[in-house]
Amino acid sequence: MKVIITGGAGFIGVNTALAHARAGDDVVVMDNLSRRGSEINAKLLRAVRGVTFERGDVRDYNSVKKIFAAHRRTSLLYHFAAQVAVTSSVENPREDFETNAMGTLNVLEAARLLKMKTPIFFASTNKVYGGMENEKFVRRASGWASPRFPDGIGESYPADFHSPYGCSKGAADQYVRDYARIYEMKTVVFRQSCIYGINQFGVEDQGWIAHFAIKALTGGRITIYGDGFQVRDALYVDDLIRLYRLAYRNINKVSGEIFNAGGGASNAISINGFVKLLGRKLKISIDAKYSDWRHGDQKVFISDNSKAERLLGWRPRFGVDKGLEKVIVWAQENRRTIINALSRR
Ligand SMILES: NC(=O)c1ccc[n+]([C@@H]2O[C@H](COP(=O)([O-])OP(=O)(O)OC[C@H]3O[C@@H](n4cnc5c(N)ncnc54)[C@H](O)[C@@H]3O)[C@@H](O)[C@H]2O)c1
């Protein structure tokens, strides 16, 4: 099969592209290389058989249409290209909107007007549920907990876009879903939690698991925003890719659906708990300081994955322990490259 991946030189994109290439598929990667580290991933991909790299920007409709037209006969289109940091979205909401909301409309419209029959998979986010300020949370030794939703948040939880990033991704999420209804296109929305893994050039603003691992390995100091008792459900990227694969195989069943996709209750860990785990794995004491809470930061987010389990038989296989080991090995083996990529302005 042949797939197109917008944002294919980013973290989730490169891992998805490599998984397809390994399976013998043709992969078209479209990326504007704006993310630090994406040029390293693009270099990696250019050396892989079956991968074509197209430099393009999803904000530019003509460029999107031209690239899609050249690869019209495609089995699957992943739309990952995005401005991914909440902090940057607060600083520059227009650019965030143009990339995430308008960029997504450009992708949908290009596919629609070119009459592509391709299913479209969109990487949405748990941030569409907002800060959940009306929920009562209790602080336990293991971190913040939600007595009302011990098994996590399901797709029917009310959306409440918070932060420009939440708004732009939330708008895109709804457009993608609606194109399945209004234009009968085959689209699936994945509201992803905290995804982590190799080839993730994590920075303070996004990709905190890789960021913490890289910082710890390079002797840097970590800043924890908030009290560190925030709980996240970490999902290793290979598990997410397996979910995409299952969704593709069952596309007629899941077209038009929205899925929450995270590590779930069994992979929930507080930031403080993660820092301890990281220190144990590296056999060092981690240098961390605390700072103010960030906009829209959820005290706890655990994805209730039961819909994906029910419809697709999917549940995460990687535990945080095993996933973190893979990230550490990757960061150790690529230390110099990572430092150089992240110091680029
Ligand atoms: N990583 C996570 O934990 C997570 C969680 C929820 C949702 N998501 C979503 O998954 C997708 C991929 O995330 P990621 O972690 O791989 O991020 P990433 O930043 O590593 O990848 C995004 C890629 O998009 C590219 N890009 C940015 N603006 C572009 C534009 N205008 N045109 C073309 N390419 C552009 C970047 O260069 C980068 O390579 C994003 O849509 C993100 O919102 C990620």
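This is a predicted model: local features need pLDDT of at least 70, side-chain atom pairs count only at pLDDT 80 or more; totals for chains, interfaces and linings use all residues.
I then looked up the core. The largest nonpolar core holds 90 residues. Phe 121 is listed with Val 29, Phe 212 and Ala 213 as having the most contacts inside this core. Helix H7, residues 208-217, contributes the most to the core, namely seven residues. I noted the general background: in soluble globular proteins, nonpolar side chains tend to be buried together.

Next I traced the sheet. I read an open sheet of seven strands, paired in parallel, in the order E3-E2-E1-E4-E5-E8-E12. Strand E3 (51-55) and strand E12 (258-261) are the edges, each pairing on one side only. From one strand to the next, the twist averages 20°.

Strand E1 (residues 2-6) and strand E2 (residues 26-31) run parallel and are joined by five bridges. For Lys 2, I found Asp 26 as the bridge partner in E2.

Last, I went to the ligand. There are 29 residues around the ligand, and Gly 7, Gly 10, Ala 81, Ala 82 and Ala 123 come nearest. Helix H1 (11-22), helix H5 (93-113), strand E5 (120-125) and strand E9 (194-196) each give two or more residues to this shell. H1 supplies the largest share, three residues. I sorted the shell by class and got twelve nonpolar, twelve polar and five charged residues.

Methods:
Residues are numbered from 1 along each chain as its sequence is written. Two strands pair if DSSP finds at least two bridges between them. Helices (H or I, at least four residues) and strands (E, at least two) are DSSP runs, numbered from the N terminus. Axes are lines fitted to C-alpha atoms, for helices over the stretch in contact, and angles run from 0 to 180 degrees between N-to-C directions. A residue is near a molecule or strand if its C-beta atom, placed from the backbone, lies within 6 Å of it. Ala, Val, Leu, Ile, Met, Phe, Trp, Tyr, Cys and Pro count as nonpolar, Asp, Glu, Lys and Arg as charged, and the others, Gly among them, as polar. A nonpolar core is a set of buried Ala, Val, Leu, Ile, Met, Phe, Trp, Tyr and Cys residues joined through C-beta atoms within 7 Å. A residue is buried if 20 or more other C-beta atoms lie within 10 Å of its own, exposed if 12 or fewer, and partly exposed in between; C-beta atoms are placed from the backbone.
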